[in-house]
Amino acid sequence: MSAAIRTVGLRKTYRSARGEVEAVRGLDLEVAPGGFFGLLGPNGAGKSTTIGMLTTLVRPTGGRAWVAGAEVSRDPIGVKRRIGAATQRSTLDQALDVTENLEFRGRFFGMSGRDARSRARELIELFGLGDRRTAMPRELSGGQARRVMIGRALMHRPEVLFLDEPTAALDPQTRVALWEILRALHADGQTILLTTHYLEEAEALCGRIAIVDHGRLLAEGTVAELKASVPADEPPSLEAVFLTLTGRGRRE
Amino acid sequence: MTRVGVAHTFLAMMARDLRVMRRGFVSTFLRVFIQPALIVFTFAYVMPKIGTAPAVAGAAGPAATFSTVLVPGIIGMSMLTQGLMAVTFPLLRELGWERSIEDRVLAPAPVWLLGLQKIAAGAVQGLIAGLLVFPVVTLLHAEGQGPAIAWERWPLFLAIMVCGALLAASLGLWLGTVIDAAQVQAMIAVVLLPITMLGCLYYPWAALSEVRWVQVAVLANPLVYLNEALRATITPGIPHMPVWAFLGVLLLGTAALAWLGTRSFTRRVLA
């Protein structure tokens, strides 16, 4: 198993009293180790459900998926040990301060108290949160909370980092600053899978991009490959690729 | 994943909960004191002083004062409410708008183990509450109204305390997964209040033979078994259920609620 992430016919159908919703309908993906991979799609495309399945929080209803060699359905604990994930919404532990959020994450993953402390200090510096180390999550700005989330996801040095809409609702300065951090992480060899609906974000960061909609893979390739697929009468932009593939109808 | 790894994760989660508990210790456990202190003050101090000491129902011996009846009942009530709330209240936030449970769900351990860890941490709080109210209920009374407490069965007493705390926390886990934050007031009114008011605090269960339908109805209340168990161990002079009855219900009830709670918790956490 050489791929960092591989999915074969991955499927998720939510069943409730109101009926069935097919969120992901047979997805085949492959992300190479060390890759910076973007999962791009409009709202409701199945991006978050896909990340949910890859991070073991959502149980697939069909197909298979491996992360760093561990299969998500059969070895969820093995998967959890190898991944870090930062979700779209803050899921910081509101009862702990910034440093404790990081330290306890490390300790959950078997680090000693001393190792967790020094790793937390290192990440707090890296993310420029030095003056917020004892702040409670409710005292943080949106951008700071997002940085703590990503720092926390990196505590145990995961093989694969999942970022679900990491810069949603951030101002442009904060977004660009976060991009710099992500680029540096990737340059250090970190495999990253990121979902976004900001086309410029995918273009700025990702080596390869998959465009998904209605739970299906529509196109996959480098930015240049995707642009080359645009019809001759359209401008060769990622936006044109995206709109050609996913349509121009409004999404909720 | 090695067993050592999973055990380490479990202990780290316990450490997290103890850190949070320590931070709010004074305010949490000050609250625990108030209701028991008021009950004992009313029934074991004020009422005897004004000449209306409640009679001890159930034909106890002459040494049995009303505070002897109250001691097990109040310890049981404090443990049950604190053990339950220590799990339910944080869980409503963690599963609700905070969604902060995800931090620990992503830790390398099975999700059901996180449920059991929540029970263990809640039980610690329930146990502390039970032990903290002990001096209040034994020392606060008018002259001659002190409780008669026997320590001969202390091993069984300790076992009952631990089992009772686990039962309370298991019930808390289950409730915390089946209700949402908007239903807390209703939960207190519909679940917690009847459990404590009809939990055989002020009289032993045997005395209810005068009102047979109540005696049968309260058998659905877990606090009844806990209080009867505590009576059997530290105030054996007061009538109480046979050991097999309360021990059987406490053990089976704890196991059943822990199973229900962890199952429901797993369903709430994983989509």
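Helices (H or I, at least four residues) and strands (E, at least two) are DSSP runs, numbered from the N terminus. This is a predicted model, where local features need pLDDT of at least 70, side-chain atom pairs count only at pLDDT 80 or more, and totals for chains, interfaces and linings use all residues. Residues are numbered from 1 along each chain as its sequence is written, chains are lettered from A in the order in which they are written, and side-chain values use heavy atoms, without hydrogens and water.

**View 1. Where chain B meets chain A.** Here 29 residues of chain B and 30 residues of chain A are in contact (heavy atoms within 4.5 Å). About 2700 Å² is buried between them, meaning accessible area (1.4 Å probe) lost on putting the two parts together, summed over both. On the chain B side, Asp103(B), Leu106(B) and Ala271(B) lose the most area, together 25% of what that side buries.

**View 2. A salt bridge at the interface.** Look for Asp103(B) and Arg152(A), whose side chains form a salt bridge at 3.6 Å, N to O. The rule (a side-chain nitrogen of Lys or Arg within 4 Å of a carboxyl oxygen of Asp or Glu) finds six across this interface. Helix α1(B) gives the most to the chain B side, with nine residues.
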